[in-house]
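Work through the exercises below with the sequence and the model open. Each task is followed by a solution in steps.

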Amino acid sequence: MPSEDPVEEENKLTIQFTDEEIDALKEFMKRLPDIFAAAYPDKGDAAKTTPIVLWNVSIDPVRPYRSAKAKVVLMKFLRARNLNVDDAAAMLTNTLKWRQEFNIEAALEEKYPEEVFGTLGYISGRDKECRPVVYNVYGGNKDVNAVFGDVQRFLRWRVAFMEKSIEHIDFEIADQAVQVHDYLGVSMSSRTPEAKQAASQASKIFGDYYPELLYKKFFINVPTLMSFIFWTFKAILPAKTFAKMSVVGTSTNSIRDTLGEIIDVKEIPKRYGGEGEEW
């Protein structure tokens, strides 16, 4: 990131980087040619100079500092690994490899049955800092076997939904999303072996390959008998990730008031006591 380069770009997010983060980012960017070469061995030496697109952001391995958005994306891997450049490089390499193996483009183009997945997820409104708000409605389809019976199909749908939510992040004003997990209508009988397997694999995917994209996560309408699910996350998630999560009461008022701390009431869906659009 040479300061004398007249085309070096900054934005609202990059100017907030600390000196320690900037130093780590400089070293990280120097390694991009080798990271890309390791991620795309079939491209040979061309991988070291060929830009890639990650989350709709182009990253040039030769001059990454020319894009403020690219620096914001790269910083996510560094922050996820406590600014350890070696660990961040490994994470980015693995992410790029996984995206090819999973075939993100195919997952996005696949036609998922509307009657199965159409009521499970919504991207609606933004918080007060322009972060998109993503709603996962776990009780949206009562046919648990239809949703989770084919675990791999569920994972393709879930990853595609994640990718679509990231399309609402501009990496210029905001670089994270708010998630609301609604458990209304979910019971213990919903936790089939397939559902547990799907949830476990999805959590691993997002933890390994989608770093630092979550701002806050709210669990709402959680049945009392299932509240233990929230606490199981404490044992498997990093402390800073767990700190982003909170369980909200089941009353409309408590949900509206809690979400309203970061989301304007005009952006909160009517079903949660707000004035926003209904699905």
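The model is predicted.

**Exercise 1. Helix α3**

Solution: 
- Step 1. Buried means under 20% relative accessible area. The buried residues of α3 are Ala68, Ala70, Lys71, Val72, Val73, Leu74, Met75, Lys76, Phe77, Leu78 and Ala80.
- Step 2. After the helix comes asparagine 82, with a positive phi near 55 degrees.

**Exercise 2. The two domains**

Task: Describe the interface of domain 1 and domain 2, and find which element of domain 1 gives the most residues to the side that touches domain 2.

Solution: 
- Step 1. The domain assignment places residues 14-102 in domain 1 and residues 113-272 in domain 2. Their C-alpha centres lie 27 Å apart.
- Step 2. In contact across the interface are 17 residues of domain 1 and 20 residues of domain 2.
- Step 3. About 1600 Å² is buried between the domains, with carbon and sulfur atoms giving 65% of this area. On the domain 1 side, Trp55, Lys76 and Trp98 lose the most area, together 40% of what that side buries.
- Step 4. Between the domains there are 3 residue pairs in polar contact, and the rule finds 2 salt bridges across the interface.
- Step 5. α3 and α4 are the elements that give two or more residues to the side of domain 1 that touches domain 2. α3 gives the most, with 7 residues.

**Exercise 3. Salt bridges**

Task: For the salt bridge between glutamate 163 and arginine 99, state the N to O distance and where in the chain each residue lies. Then treat other pairs among the 14 salt bridges of the whole structure.

Solution: 
- Step 1. The side chains of glutamate 163 and arginine 99 meet at 2.8 Å, N to O. Glutamate 163 is in helix α8 (residues 151-166) and arginine 99 in helix α4, 64 residues apart. Both residues are buried.
- Step 2. Lysine 76 pairs with aspartate 175 at 3.2 Å, N to O.
- Step 3. Glutamate 212 and lysine 244 form a salt bridge at 3.8 Å, N to O. Glutamate 212 lies in the loop between α9 (193-209) and β6 (214-220), and lysine 244 in the loop between α11 and β7 (245-247). Glutamate 212 has a relative accessible area of 18%, so this residue is buried; lysine 244, also at 18%, is buried.
- Step 4. In the salt bridge of glutamate 278 with arginine 271, the closest N and O atoms are 2.8 Å apart. Glutamate 278, at 36% relative accessibility, is partly exposed, and arginine 271, at 37%, is partly exposed.
- Step 5. Glu8, Glu10 and Lys71 are linked in a network of salt bridges.

**Exercise 4. Two single residues**

Task: Is leucine 32 buried or exposed, and which residues does serine 124 contact beyond four places in sequence?

Solution: 
- Step 1. Leucine 32 is in helix α2. Its relative accessible area is 0%, so leucine 32 is buried.
- Step 2. Beyond four places in sequence, leucine 32 touches Ile59, Asp60, Pro61, Pro64, Leu74 and Leu92.
- Step 3. Serine 124 is in strand β3 (residues 121-126) and is buried, at 2% relative accessibility.
- Step 4. Beyond four places in sequence, the contacts of serine 124 are Val133, Tyr135, Glu267, Pro269, Glu277 and Trp279.

How values were computed: Residues numbered from 1 in each chain as written. Predicted model: local features only at pLDDT ≥ 70, side-chain atom pairs only at ≥ 80, totals over all residues. Heavy atoms only, no water. Buried < 20%, exposed > 50% of the residue type's maximum accessible area, 1.4 Å probe, protein only. Helix = DSSP H or I, 4+ residues; strand = E, 2+ residues; numbered from the N terminus. Domains from an automatic or database assignment. Contact = heavy atoms within 4.5 Å. Buried area = accessible area lost by both parts, 1.4 Å probe. Salt bridge = Lys/Arg side-chain N within 4 Å of Asp/Glu carboxyl O. Polar contact = N/O pair within 3.5 Å; in protein donor to acceptor, adjacent residues only side chain to side chain.
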